[in-house]
Amino acid sequence: MSNQRRPLIAGNWKMNGLRADAAALADELATLRKSQPDAAFDMLVCPPFTVMETVGSVIENSGVFLGAQTSHTASNGAHTGDISPVMLKNAGCAHVIVGHSERRTDHAESDSAVLAQASAVIEQDMIAIICVGETEEQRESGKALDVVRTQIIGSVPSNATAANTVVAYEPVWAIGTGKVATPDDVQEIHADIRKTLASKLGQDIANGMRILYGGSMKPANAKELIALSDVDGGLIGGAALKAEDFWAIAQSCPSQ
Ligand code: PGA
């Protein structure tokens, strides 16, 4: 964590949450966030589309941001089942996750598809959270740095800035498994991501851009991870579904 970058604690609710539970979770988080209005971190929840309106109305004016888990690239049109960035903006979203490994796998999203989504999100003045990360096999064969470099080069738009883009490093083998990358491995790859961003976007933009860690982040490991010099917060799945845990992770951010 560098004090030039404000930490972001982002909850990816994935395909979880019916109206009553989602509203209750959002309400607990809104109350907690309002209890510390000056705390030096951004907090974001990304619920499923079906409860976005419910969650959005509960967290309004609480300081908790609303985000989405994916977006189409077009503004509107004949794309059955898809949701456009214009609709997400209209629904109150400030951020959109793009290129999560579950989307890359389940929906065959390529780096160029992720780049197009990120561009469409940025075009609507929202923040794109671009996910990258290697599989277990790629890590074991020593290819993690190369895989992630290729994803960064292929998925981050050339007009990305520290204000409109966040990168999330999520090793696929750590997502939902309870396995966490070691702090040394996380710092190594985050520093390398920042170097790749610098070569693509320039050093100043790279220095200001937030890089989140994701993959089994919990209250018990968050402090150590967020303290690493190139880790600027977390993208949290399982632990984001319990207000107490998600808030405890947020409390691991250094107070300024
Ligand atoms: P996890 O998920 O925290 O449940 O590992 C993280 C993510 O997929 O964003």
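The second largest pocket has a volume of about 250 Å³. A pocket here is an open set of points on a 1 Å grid over the protein atoms alone, where a 1.4 Å probe fits, with protein on both sides within 12 Å along at least five of seven lines. Volume is the space filled by probe spheres set on the points, which are joined across faces, edges and corners. The model is predicted: local features need pLDDT of at least 70, side-chain atom pairs count only at pLDDT 80 or more, and totals for linings use all residues. Residues are numbered from 1 along each chain, and side-chain values use heavy atoms, without hydrogens and water.

**Second largest pocket**
- Its lining counts 15 residues (an atom within 4 Å of a point).
- Thr-70, Ser-71, Asp-82, Arg-103 and Glu-109 lie nearest its centre.
- Helix α5 (residues 111–123) gives the largest share of this lining, three residues.

**Largest pocket**
- The largest pocket holds about 380 Å³ of space.
- Of its 15 lining residues, Lys-14, Met-15, Gln-69, Thr-70 and Arg-103 are the closest to the centre.
- Helix α4 (residues 101–106) supplies three lining residues, the largest share; helices are DSSP runs of H or I, at least four residues.

**Ligand**
- Around the ligand stand 13 residues (a heavy atom within 4 Å).
- Lys-14, His-100, Glu-170, Gly-176 and Ser-216 come nearest.
- A side-chain N or O atom of His-100 is 2.7 Å from a ligand oxygen.
- For a backbone N or O atom of Gly-176, the distance to a ligand oxygen is 2.6 Å.
- A polar backbone atom of Gly-238 sits 2.8 Å from a ligand oxygen.
- The protein buries 95% of the 280 Å² that the ligand exposes alone (Shrake-Rupley method, 1.4 Å probe).

Conventions:
Helices (H or I, at least four residues) and strands (E, at least two) are DSSP runs, numbered from the N terminus. A polar contact is a pair of N or O atoms within 3.5 Å; within protein, one must be able to donate a hydrogen and the other to accept it, and residues adjacent in sequence count only if both atoms are side-chain atoms.
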